[in-house]
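Here is a set of questions and answers for someone meeting this structure for the first time. Each answer works toward the value or name that was asked for.

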Amino acid sequence: MKSYLLTFCFVIFLMINFATAQKNMVLNGGFEDEFFGWNNNGAMQTPYNRKSGKNSCAIVTHSTDNWVGIDQTVEIPKKVQNIEFSAWIATTNVVKGKDDWNGAIFSVVFLDSQDKEMKDGVNIALITGNNEWTLYKKIIKMPDKAYSFKILVAMGNASGTMLVDDVAAVKVD
């Protein structure tokens with residue numbers, strides 16, 4: 001009888017844990033399925049340096065005159081007020097171009113129902129130099145009338161290497 005009760009309690013615990021787990025809104029955030037779900041403008045999939053899984057995204061540029069990266073647009077579910085955006089990022093020899101906003105970039109732009117950008121985007125990370133795998137994250141309140149968001153990961157007018165893995169957007173209360 002005790003084993004049945006213990007099994008029943010364990011199953012209930014798993015069900016509650018599963019029910020409260022937040023779902024990642026980003027499709028293929030670990031780049032396990034190449035760039036499925038992403039718009040790719042010059043990034044590569046790499047199995048050689050990753051945070052988790054089998055692959056990560058590598059963005060390599062040799063000139064500060066280029067804007068190379070990936071983006072994904074995601075519809076905001078109804079009644080979502082706050083989303084935590086996160087990504088693991090590592091950089092090697094990232095040198096920014098002439099402007100302060102140049103570098104390895106992780107940002108979010110909000111779009112209205114006509115896919116027009118609303119105001120300025122929100123920078124979650126702007127990185128230069130050499131950095132080990134670091135989790136960058138930020139909770140952002142959804143703007144009024146925002147219909148979707150676009151996650152952008154790029155080497156924005158910077159040279160060097162940016163590695164990205166486990167990109168996520170999760171509803172928070």
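A residue is called buried when its relative accessible area is under 20%, and exposed when that area is over 50%. The model discussed here is a predicted one.

Q: Is Phe85 buried or exposed, going by its relative accessibility?
A: The cut-off for a buried residue is a relative accessible area under 20%. The relative accessibility of Phe85 is 0%, which is under that limit, so Phe85 counts as buried.

Q: How many helices and strands does the secondary structure of the protein come to?
A: Read along the sequence, the protein follows the pattern α-β-β-β-β-β-β-β-β-β-β. The secondary structure therefore comes to one helix and ten strands.

Q: What percentage of the residues of the protein count as buried?
A: The protein has 173 residues. Taking buried to mean a relative accessible area under 20%, the share of these residues that count as buried is 42%.

Q: Which strands stand at the edges of the open sheet of five strands?
A: This open sheet has the order E1-E4-E9-E6-E7, with antiparallel pairing. An edge strand has a single partner strand, so one side of it is left without a neighbour in the sheet, and this holds for strand E1 (39-41) and E7. On average, neighbouring strands of this sheet are turned by 15° against each other, direction ignored. The strands at the edges are E1 and E7.

Q: Which residue in E4 stands opposite Asn40?
A: E1 and strand E4 (residues 67-75) pair in the antiparallel sense over three bridges. In E4, the residue that stands opposite Asn40 is Ile70.

Q: How many bridges join E5 to E10?
A: Strand E5 pairs with E8 in the antiparallel sense over ten bridges, and there Val94 stands opposite Gly129 in E8. E5 and E10 also run antiparallel, with Thr161 in E10 as the bridge partner of Thr92. The number of bridges that join E5 to E10 is twelve.

Q: How is the aromatic pair of Phe85 and Phe149 classed, given the angle between the planes of the rings?
A: By the rule for ring centres within 6.5 Å, the count comes to three aromatic pairs. One of them is formed by Phe31 and Phe35, which is tilted, with 5.8 Å centre to centre and 55° between the planes. The rings of Phe85 and Phe149 have their centres 5.0 Å apart and their planes at 85°, and planes over 60 degrees apart count as edge-to-face, so the class of this pair is edge-to-face.

Q: How many residues apart in sequence are the parts that the pair of Phe85 and Phe149 ties together?
A: Phe149 is buried, with a relative accessible area of 0%. Phe85 lies in strand E5 (residues 82-96) and Phe149 in strand E9, so the pair ties together parts whose separation in sequence is 64 residues.

Q: How many residues does the largest nonpolar core have?
A: The residues with the most contacts inside this core are Phe85, Phe106, Phe110, Phe149, Ile151 and Val164. Strand E3 (56-61), E4, E5, E6, E7, E8, E9 and strand E10 (158-172) each supply at least two residues of this core. Ile151 is in contact with residues including Val26, Trp38, Ile70, Phe85, Phe106 and Val167. The number of residues in the largest nonpolar core is 39.

Q: How far apart in space are Ile89 and Val153, C-alpha to C-alpha?
A: Ile89 lies in strand E5 and counts as buried, because its relative accessibility is 0%. Among the residues in contact with Ile89 are Phe106, Ile127, Trp133, Tyr136 and Leu163. Ile89 and Val153 are 64 residues apart in sequence, and their distance in space, C-alpha to C-alpha, is 9.7 Å.

Q: What is the value near which phi of Lys145 lies?
A: Most residues other than glycine have a negative phi. Lys145 is found in the loop between strand E8 (129-141) and strand E9 (148-156), and it counts as exposed because its relative accessibility is 75%. Phi of Lys145 is positive, in a residue other than glycine, and lies near 70°.

Terms used
Residues are numbered from 1 along each chain as its sequence is written. This is a predicted model: local features need pLDDT of at least 70, side-chain atom pairs count only at pLDDT 80 or more; totals for chains, interfaces and linings use all residues. Side-chain values use heavy atoms; hydrogens and water are left out. Helices (H or I, at least four residues) and strands (E, at least two) are DSSP runs, numbered from the N terminus. Buried means under 20% relative accessible area, exposed over 50%, partly exposed in between (1.4 Å probe, protein chains only). Two strands pair if DSSP finds at least two bridges between them. Axes are lines fitted to C-alpha atoms, for helices over the stretch in contact, and angles run from 0 to 180 degrees between N-to-C directions. Rings of Phe, Tyr and Trp (its six-membered ring) pair if their centres lie within 6.5 Å; planes under 30 degrees apart count as stacked, over 60 as edge-to-face and the rest as tilted. A nonpolar core is a set of buried Ala, Val, Leu, Ile, Met, Phe, Trp, Tyr and Cys residues joined through side-chain atoms within 4.5 Å. Contact means heavy atoms within 4.5 Å. Lists of a residue's contacts leave out its neighbours within four places in sequence.
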